[in-house]
Number of protein chains: 10
Amino acid sequence: MINIETFDNPHSYRDYEIVHENPEFTSLCPKTGLPDFGIITVKYVPDLLCIELKALKYYFLEFRNKGIFYEDLTNQILNDLVGVCQPRFMEISTEWTSRGGMNSKIVAKYEKGKDDQIR
Amino acid sequence: MINIETFDNPHSYRDYEIVHENPEFTSLCPKTGLPDFGIITVKYVPDLLCIELKALKYYFLEFRNKGIFYEDLTNQILNDLVGVCQPRFMEISTEWTSRGGMNSKIVAKYEKGKDDQIR
Amino acid sequence: MINIETFDNPHSYRDYEIVHENPEFTSLCPKTGLPDFGIITVKYVPDLLCIELKALKYYFLEFRNKGIFYEDLTNQILNDLVGVCQPRFMEISTEWTSRGGMNSKIVAKYEKGKDDQIR
Amino acid sequence: MINIETFDNPHSYRDYEIVHENPEFTSLCPKTGLPDFGIITVKYVPDLLCIELKALKYYFLEFRNKGIFYEDLTNQILNDLVGVCQPRFMEISTEWTSRGGMNSKIVAKYEKGKDDQIR
Amino acid sequence: MINIETFDNPHSYRDYEIVHENPEFTSLCPKTGLPDFGIITVKYVPDLLCIELKALKYYFLEFRNKGIFYEDLTNQILNDLVGVCQPRFMEISTEWTSRGGMNSKIVAKYEKGKDDQIR
Amino acid sequence: MINIETFDNPHSYRDYEIVHENPEFTSLCPKTGLPDFGIITVKYVPDLLCIELKALKYYFLEFRNKGIFYEDLTNQILNDLVGVCQPRFMEISTEWTSRGGMNSKIVAKYEKGKDDQIR
Amino acid sequence: MINIETFDNPHSYRDYEIVHENPEFTSLCPKTGLPDFGIITVKYVPDLLCIELKALKYYFLEFRNKGIFYEDLTNQILNDLVGVCQPRFMEISTEWTSRGGMNSKIVAKYEKGKDDQIR
Amino acid sequence: MINIETFDNPHSYRDYEIVHENPEFTSLCPKTGLPDFGIITVKYVPDLLCIELKALKYYFLEFRNKGIFYEDLTNQILNDLVGVCQPRFMEISTEWTSRGGMNSKIVAKYEKGKDDQIR
Amino acid sequence: MINIETFDNPHSYRDYEIVHENPEFTSLCPKTGLPDFGIITVKYVPDLLCIELKALKYYFLEFRNKGIFYEDLTNQILNDLVGVCQPRFMEISTEWTSRGGMNSKIVAKYEKGKDDQIR
Amino acid sequence: MINIETFDNPHSYRDYEIVHENPEFTSLCPKTGLPDFGIITVKYVPDLLCIELKALKYYFLEFRNKGIFYEDLTNQILNDLVGVCQPRFMEISTEWTSRGGMNSKIVAKYEKGKDDQIR
């Protein structure tokens with residue numbers, strides 16, 4: 001399991017939403033080795049732990065020279081971050097710049113209680 | 001039935017959304033033979049198969065010199081792509097540039113279980 | 001009743017949405033005789049008939065030198081087009097440029113079964 | 001009660017929405033006497049009466065040199081216009097330009113049957 | 001408890017929404033001491049008291065040289081303002097400019113009756 | 001020669017620029033009889049006479065049901081308005097909505113002294 | 001002559017540009033008495049005096065209930081402000097919201113030395 | 001030499017500018033055979049002949065299934081259209097959608113007298 | 001004189017332009033003590049020295065709790081930065097958010113050789 | 001010297017402009033090792049050689065994991081590309097996303113004959 005720094009949610013008595021958007025994400029296409037550029041958005045309702053912002057940034061940097069498909073990457077980030085902070089809800093969306101004249105977007109969600117057994 | 005390359009959905013245990021937008025679509029008007037220009041958007045929740053992006057692009061290129069009405073094209077693409085990847089949900093929307101001072105948009109949806117018998 | 005060309009809906013086994021937007025609509029104010037400029041949007045779910053696009057354009061041109069209030073025009077277009085193609089659903093919205101510093105918008109809807117008896 | 005000209009709703013057999021937006025509204029701050037600038041939007045579903053557009057414009061002009069708070073003005077306009085045309089539904093929203101670096105917006109609604117007794 | 005001036009809601013017989021947006025908010029990062037810049041939006045349905053706009057502005061100014069995390073600040077403002085005016089509903093959202101290439105947004109809500117006991 | 005109301009330039013001792021933009025212009029295509037829609041902009045430096053705004057509006061309305069090509073219309077309006085107010089400088093630009101997928105713009109200028117003999 | 005507060009230009013050894021934009025200007029149409037709304041922009045290169053911002057705001061407020069034409073107002077403000085601060089250069093531009101479907105803009109300039117004798 | 005319909009310039013006594021923009025241009029990449037999409041803009045000052053708009057549209061359509069590089073296409077269109085209407089000035093600019101993550105734009109100009117001998 | 005870190009211009013054989021924009025600038029109004037918010041842009045052609053970006057950021061932070069007028073601040077920054085790096089050209093522009101309904105912008109320039117003696 | 005593929009300019013008898021924009025450029029900060037993201041624009045007037053688009057793309061990819069300052073990178077790209085295709089004119093501009101709350105832009109130009117000796 002990955003290791004991302006977290007901190008105690010100071011207001012865990014309440015459901016509230018945290019959104020971190022990284023408009024400067026880049027990884028590699030596993031087929032061509034050419035770079036992909038995208039915007040990654042993490043939206044979540046924390047339970048007992050919040051994700052530390054700087055740690056999240058370094059986690060995203062590890063994809064810079066890694067070859068991975070859009071669909072796989074989006075779900076893998078969701079699994080990684082759910083594992084790290086056990087949120088009440090989390091949604092990862094990735095929005096990719098044009099490749100071959102086509103733009104893509106992937107959105108995957110996790111809901112505590114409902115989606116725990118399926119992973 | 002058409003033949004578009006697919007690959008195994010690596011995260012089929014979860015419902016998640018994939019969107020591919022092609023802003024460079026062109027076909028021909030069946031009445032005048034003049035070109036139509038549009039944006040085609042494929043939004044789907046994959047089941048066991050995902051559509052390969054490059055194959056989808058080549059599928060769209062086959063319409064370049066084909067004469068077909070907006071309403072027909074939108075539904076035909078939906079039928080073709082549902083046939084190819086048997087998704088849990090799919091929506092095709094086509095948005096067309098101005099013809100005779102009028103812009104058109106067509107949206108057709110498919111939901112597994114609910115819409116299977118009607119085709 | 002008005003006479004607008006229609007064609008058979010090639011995919012009537014499915015509910016899908018057709019939108020035609022006319023951003024170049026003009027009629028006359030019945031009080032002052034001065035021109036009104038607006039955007040007319042027709043959104044509908046066809047049943048057995050679709051409205052022919054060119055015929056729709058010519059239908060709109062008939063308002064060019066006709067004096068009619070916003071509220072009346074919007075509902076009258078809805079009644080005319082419902083009469084012509086008997087859709088499962090239709091919505092007409094008209095959005096008008098500024099008159100005396102005020103912008104107006106009118107939206108009227110029709111739903112088959114629910115609104116048939118009231119007209 | 002105020003006096004704003006109305007006309008008979010020509011299509012009262014149907015619920016439809018009318019929106020009038022006045023982006024050139026100005027009144028005075030009751031504390032400082034300095035002008036406030038805002039956008040007033042009237043959205044309603046008429047019953048038997050529609051509000052005459054020119055009369056509405058003149059009604060708004062009466063606030064030009066009147067000192068009144070945002071919250072009070074929004075509700076007072078709602079009460080005035082409901083009184084005049086007895087609509088099935090009405091919503092007044094007022095959106096104000098920056099004062100002391102802060103922008104404000106107030107939205108008040110009325111629904112026939114539900115809100116009649118509370119005024 | 002903080003002290004922010006309020007005034008009597010002149011239309012407490014009706015649920016209506018008040019939004020105050022402060023696009024010129026700045027506080028300090030508690031780790032680096034560097035300034036953070038954000039947009040704070042207060043949306044609420046008043047009960048018996050409304051928040052005085054100028055007092056709200058001065059309350060926000062107190063954060064200018066205070067070190068506080070995004071998540072904490074958002075919830076603390078919600079707790080402070082709920083304490084001051086006891087609204088029927090309140091939502092605080094804070095939207096922050098890019099830090100390390102990442103933008104953040106936090107949204108926290110309070111509903112009278114439902115959320116009273118949890119604080 | 002056409003007849004458009006003018007008024008004495010109250011500040012003729014100075015060169016200054018007046019721009020009137022009409023975003024609601026419509027005329028007819030002389031070939032098809034179908035309406036053209038455009039934005040007409042009149043920019044001029046007045047000499048002894050200014051063009052009355054309401055009169056200009058009525059002058060533009062005369063083109064509503066007249067068939068005329070873009071190039072001809074632009075130059076004819078320039079000739080008409082130069083004749084009416086004898087400005088130090090005038091520029092007419094007309095910008096047309098899409099016809100057959102193509103947008104057009106025409107710009108013609110007049111400079112006193114330099115262009116007087118050529119008309 | 002009008003009386004607007006000024007202060008000594010602290011950097012008169014250098015030509016530099018100051019722009020004050022007032023997007024909340026309103027005056028009255030001298031013909032109809034109806035309000036006009038516009039954006040007034042003052043751009044100038046100060047000589048020995050700068051215009052005090054708050055004083056400028058109060059000067060603009062005096063037009064709120066005054067009837068005056070666009071062309072006259074623009075030149076009169078230029079004359080007033082040149083008289084007050086004797087700048088090296090000044091340009092007044094006024095940009096007006098739509099009246100009768102037409103938008104207007106007036107721009108007048110003053111250059112020290114060149115334009116002094118003509119007023 | 002190509003054959004595009006022209007008509008006599010009705011106002012050849014004056015230099016004025018005509019712009020036709022075609023935002024729906026498509027040709028093929030000569031290397032890959034894949035479609036390129038671009039916006040072609042023709043700006044010219046006519047001499048004795050104007051280019052007929054519909055003829056220009058059909059001329060552009062001939063590139064739909066032709067393989068040609070951006071740089072060559074832009075200059076070839078300039079040469080063709082200069083040959084057809086012998087303008088006082090002409091500029092062709094072509095702006096291309098992203099290929100391999102890069103957008104391109106080519107601009108070529110012709111000036112009568114100055115550039116005649118070089119072709 | 002202030003102390004901002006510089007580094008040797010690695011390409012001083014050529015005139016080229018460097019622009020640093022700080023959209024998160026804040027200082028205080030010297031009259032009211034209330035915060036001002038603005039965008040500071042430094043554009044310069046370096047001679048032998050370039051300004052270090054992080055040092056520039058810390059220099060701007062020193063204004064956070066300083067009371068200073070727009071006109072003075074702009075010229076003072078120009079003088080400070082010219083003193084630090086002796087550029088061939090420098091322009092400082094400051095663009096301020098609305099105060100009392102008015103937006104301001106100040107632009108001051110320095111050109112080596114031409115403006116050296118005047119400071 | 002670098003090696004980028006070129007092809008013969010098919011229209012070298014004429015000065016014309018070619019622009020290639022790469023909105024997906026990334027390199028590393030030489031101090032922190034963190035990624036920088038920018039838009040690189042190459043504008044040039046070719047002489048005998050044009051730069052091959054795909055080769056240019058691969059040249060830009062070489063900076064992906066290289067640490068280099070903005071100012072140096074911009075001038076180095078200019079020197080490299082001038083060396084490769086000996087253009088009549090070339091301009092490189094690089095526009096960088098926010099670092100520490102500040103955005104930067106660098107523009108460097110080369111003109112044949114004028115700038116040859118200085119490098």
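Which side chain meets that of B:R88 in a salt bridge?

## The pair in chain B

The partner is B:D47, with an N to O distance of 3.1 Å. This pair links distant parts of the chain, 41 residues apart. B:R88 lies in the loop between helix 2 (70-85) and strand 5 (89-99) of chain B, while B:D47 lies in the loop between strand 3 (35-45) and strand 4 (49-51). The model is predicted, and it holds 79 salt bridges over all chains.

B:D47 has a relative accessible area of 18% and is buried, because the cut-off for buried is under 20%. B:R88, at 21% relative accessibility, counts as partly exposed.

## The pair in chain E

In chain E, the side chains of E:D15 and E:R88 form a salt bridge at 2.6 Å, N to O. The two residues are 73 residues apart and link distant parts of the chain: E:D15 sits in the loop between strand 1 (6-8) and strand 2 (16-28), and E:R88 in the loop between helix 2 (70-85) and strand 5 (89-99). E:D15 is exposed at 52% relative accessibility, whereas E:R88 is partly exposed at 22%.

## The pair in chain J

J:R88 and J:D15 also meet through their side chains in a salt bridge, with 2.6 Å from N to O. Here J:R88 belongs to the loop between helix 2 (70-85) and strand 5 (89-99) of chain J, and J:D15 to the loop between strand 1 (6-8) and strand 2 (16-28), 73 residues apart. Relative accessibility is 22% for J:R88, which counts as partly exposed, and 54% for J:D15, which counts as exposed.

## A network in chain A

In chain A, salt bridges with shared partners join A:D15, A:D47, A:R88 and A:K112 into one network.

How values were computed. Residues numbered from 1 in each chain as written. Chains lettered and ligands numbered in written order. Predicted model: local features only at pLDDT ≥ 70, side-chain atom pairs only at ≥ 80, totals over all residues. Heavy atoms only, no water. Salt bridge = Lys/Arg side-chain N within 4 Å of Asp/Glu carboxyl O. Helix = DSSP H or I, 4+ residues; strand = E, 2+ residues; numbered from the N terminus. Buried < 20%, exposed > 50% of the residue type's maximum accessible area, 1.4 Å probe, protein only.
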